[in-house]
Amino acid sequence: MVDLLCPHCKTEIDEHEANRCLDAWVWKAVFGLDARPDPEGVYGFVRFKKGWGYGEPVPYYSTDMEASWRVIETANDDNAMTHRWYNARGRTSFHHIGFGFGKKVGARASTMQLAVCRAALKAVGAT
Ligand SMILES: [Zn+2]
């Protein structure tokens, strides 16, 4: 049983929506990089380490397809598996991603990007 709470809003991982504090959580837990709330209030969270685009927005992992693929590539291992499930009408419904750091984990979400973030955080055992 995985019980992981967002360090920013204290929401349980499987309940967490795709938003900026989830992006910042992934940035820290998966990539080991620091973020801080955007003092300008524009991007939600910004990078907090020189050499990684200091002050630029944390990547939009939970909503941007390209950014979410960087999460997969980082958390990936030889047992990597990515699944998409489709409902009877052939439209994408829920996604399950199992991969990461020698662990097999799963997550469901309304989008692939969100499922990737949830699964990656479970894989690293993020807190
Ligand atoms: Zn949060």
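A residue is counted as buried if 20 or more other C-beta atoms lie within 10 Å of its own, as exposed if 12 or fewer do, and as partly exposed in between, with C-beta atoms placed from the backbone. By this criterion Ala 119 is buried, because it has 27 C-beta neighbours inside 10 Å. Ala 119 belongs to helix α3, which spans residues 112–124. Between the C-alpha atoms of Ala 119 and Arg 108 the distance is 8.4 Å, and the two are 11 residues apart in sequence.

The structure is a predicted model, in which local features need a pLDDT of at least 70, side-chain atom pairs count only at pLDDT 80 or more, and totals for chains, interfaces and linings use all residues. Residues are numbered from 1 along each chain as its sequence is written. The pLDDT (the predictor's confidence in each residue, from 0 to 100) averages 80 over the protein, and 74% of the residues score at least 70. Over residues 83–88 the pLDDT stays under 50, and the model has 14 contacts beyond four places in sequence for this stretch. Two residues are in contact if their C-beta atoms, placed from the backbone, lie within 7 Å.

The protein has 127 residues, of which 34% count as buried. It contains 3 helices and 5 strands, arranged along the sequence as α-β-β-α-β-β-β-α. Helices (H or I, at least four residues) and strands (E, at least two) are DSSP runs, numbered from the N terminus. Among contacts between residues at least 6 apart in sequence, 40% join residues at least 24 apart.

Helix α2 covers residues 65–75, and its buried residues are Ser 68, Val 71 and Ala 75. Seen down the axis of α2, these residues fall within an arc of 45 degrees, so they line one face of the helix; the arc is that of the directions from the helix axis to the C-beta atoms. An α-helix has 3.6 residues a turn, so residues three or four places apart point the same way. The buried residues of α2 pack against α1 and α3. On the face turned away from the buried side, α2 carries the exposed residues Glu 66 and Glu 73.

The axes of α1 and α3 come within 10 Å and cross at roughly 35 degrees. Axes are lines fitted to C-alpha atoms, for helices over the stretch in contact, and angles run from 0 to 180 degrees between N-to-C directions. The crossing of α1 and α3 is left-handed, a term used if the near helix is turned anticlockwise from the far one by less than a right angle. Leu 22, Trp 25, Val 26 and Ala 29 of α1 make the contact with Cys 117, Ala 120, Leu 121 and Val 124 of α3. The residues of this contact divide into 8 nonpolar, no polar and no charged. Here Ala, Val, Leu, Ile, Met, Phe, Trp, Tyr, Cys and Pro count as nonpolar, Asp, Glu, Lys and Arg as charged, and the others, Gly among them, as polar.

Pro 59 lies in the loop between β2 (45–47) and α2, and is buried because 20 other C-beta atoms are within 10 Å. Leaving aside neighbours within four places in sequence, Pro 59 is in contact with Asp 23, Asp 64 and Ala 67. Lys 10 is found in the segment before α1 (20–29), and is exposed, with 9 other C-beta atoms within 10 Å. Lys 10 is not a glycine, yet has a positive phi of about 65 degrees.
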